[in-house]
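These are my notebook entries on a few places I looked up in this structure.

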Amino acid sequence: MSLTSHKRSSAVDQVSLEVRRRKTRFLRTTETVKVYSIEVRSGPGRQAFKRDKVDITLEVSSQPVSIDRGSLPTATSGGLKPTTEELIEQCPRFRVLVVGKTGAGKSSLIDRVFGTDTAGVADDKPGEAKIEDGLVSPQNDRFILHDSKGFEPGEGGNYDIVKSFIEARKKEPHIKDQLHAVWFCFPVPMVHYGERLLEEGAEAFFEQSNEALRNIPTVFVFTKYDRLIKHMKKVPDKDPEAEAEQYLQRHCVEPIQRSLKDKAILHVAVSSRPNHQRGLDELTKLTYDRVAESFTSQPNMVSPVPFAAAGAQRVEPGVKIQSSINVGKQRYWRALASSTNFWGFTMLDCLGVIHTDIISVWNFYDPSEYLSSEEFRNLMVNMVAKVDAPTDSPASTNLTRSDTFSGPLPLITAAIVILPFLAGLALVRWVNESYQRLQNVHQKFMAYIVDLTHVLDILFALKGGEGGKRLTRRAIKLAFNAYYASSWMEEVHESVRQFRRTIMDRDEIIEMIEELVLASDREAHVTSAVTGVSPIDTEQDEEWYG
């Protein structure tokens, strides 16, 4: 096998070539052969390389190359464009239809899953909801809600309205205008009180709408499950969880299976009541997985709809981490072994676009854009710099200071969070180096991606259950310090230091990043970090330094 490559030579150019081939005609296993820049002589001419049974011919030409660098982003041509920006342009919001009668618990469900104060659905305004009107919350503009009344008596015509709406949305030409998911919400009926799951209108709808729902991710959500558990705890000598599951199958799942004439329905039992929440993470994962199956057409490409679904939800951090990995692998993570995407940019520029992609996936309610601020970006760079200059005991860092005062406010409100770094990047000289010139550049990228993901994971846990409350600098500083003072950061940095690969080993680098961000002990580390945070009021804001 022979390949020819034309490359314009300069002092800062890096030449790399990677070839994959099948080992035999009959086996699908592949092997990879590589040519590194250090092996390529400067100046024009042909050079031959032999790798096992593969012959490679590389021709270095002094003539203009066929690649037009003017078409590539550079530091002088407007900068690096985040991958997430393009995805949001294609699908700005995750569009979900929620159907359920008044009192079904739709408002609390939407508030818990999407992190809003109030969704304004029909639970709060009986008879006023119009299914065509998309509702957008100011606390989370990455999802759009279509609310529908249920099929209770007196709403006999509503099943025609719902069916027509679903069919109309399926015909929308643009993916952003289509329905991305449907949730049918039914309170778990207490049959001993004469309650029933399906009224006649609901049975008629499901009998006639099986085809309309086809190919639309649909989940049946049985709400107020805690009410059933409470009842089952009164039954003597019985396991309340096991009894509740059997009851749910008999009185909720099977009636819908009979109406739809389909046993393969997606369903989950949830409770949204404070201090009794359950099933919300399962609902989130179930919906995301089905959306990913329905709206992903090309392998190894991020579809805008699953991306929107991952960003909209504020329950399951694992979904956000996986979506962040998918976004990174689509472009900039895969550019680590090549200077093409990062040509002419400093490390601060390159880390900046990766930073933007990651925080976009997490989608905190951050109207002041603290996570995008220069101060927070500098904190993350300073943390990454510790890979080169490790400390013996980061846990000894003084994390908070309590000011003495004579006012009536409790001490918990007056604690000031002290950061472990001074403002700015005076001690991190490599941030202004160009991507092409910096040694061990892959270690900087690896540490930045993993550190930022872990800090956001801890922040997500700290803000859990706070609904639509805005993000504060105090909360960010607490999460940052909790990670910085943990053995988790030390373990990550040591793994990065011991990673014996080069920038050319792109696939191995990406695999290592995934391994570190998806570690099996991730949840335990997050729990430990959050447990160690002092009970400080995270709603009160404060300056970064002061």
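I looked up the contacts of Leu456 in this predicted model, and, leaving aside neighbours within four places in sequence, I found Leu456 in contact with Ile358, Ile359, Trp362, Phe364 and Leu371. I then turned to a second, separate core, which has 36 residues and includes Leu198, Phe222, Cys252 and Val253.

For the largest nonpolar core, I noted 71 residues, of which Leu371, Phe376, Trp430, Leu456 and Leu459 touch the most other members. I listed the elements that each supply at least two residues of this core, and they include H10, helix H11 (347-362), helix H12 (374-385) and H18. The element that gives the most to this core is H14, with 14 residues.

Next I asked which residues of H18 are buried. I found Arg522, His525, Val526 and Ala529 to be buried there. Seen down the axis of H18, these buried residues fall within an arc of 100 degrees, so they line one face of the helix. On the other side of H18, I noted Glu523, Thr527 and Thr531 as exposed. I also looked up what covers the buried residues of H18, and the cover includes helix H10 (317-330), helix H14 (441-462), helix H15 (473-484), helix H16 (487-497) and H17.

I then went to Leu518, which lies in the loop between helix H17 (506-517) and helix H18 (522-531). Not counting residues up to four places away in sequence, Leu518 touches Ile321, Gln322 and Ile325. I also checked Leu518 against His454: they are 64 residues apart in sequence and 9.9 Å apart in space, C-alpha to C-alpha.

My last entries concern backbone angles. Most residues other than glycine have a negative phi, and I looked for residues that depart from this. Lys224 has a positive phi of about 60 degrees although it is not a glycine, and I placed Lys224 in the loop between strand S9 (218-223) and helix H6 (225-232). At 36% relative accessibility, Lys224 counts as partly exposed. For Asn275, which is likewise not a glycine, phi is positive and near 70 degrees. I found Asn275 in the loop between strand S10 (266-269) and helix H8 (280-295), and at 78% relative accessibility Asn275 counts as exposed.

Definitions and conventions
Residues numbered from 1 in each chain as written. Predicted model: local features only at pLDDT ≥ 70, side-chain atom pairs only at ≥ 80, totals over all residues. Heavy atoms only, no water. Helix = DSSP H or I, 4+ residues; strand = E, 2+ residues; numbered from the N terminus. Contact = heavy atoms within 4.5 Å. Buried < 20%, exposed > 50% of the residue type's maximum accessible area, 1.4 Å probe, protein only. Arc of directions from axis to C-beta. Core = buried A, V, L, I, M, F, W, Y, C linked by side-chain atoms within 4.5 Å.
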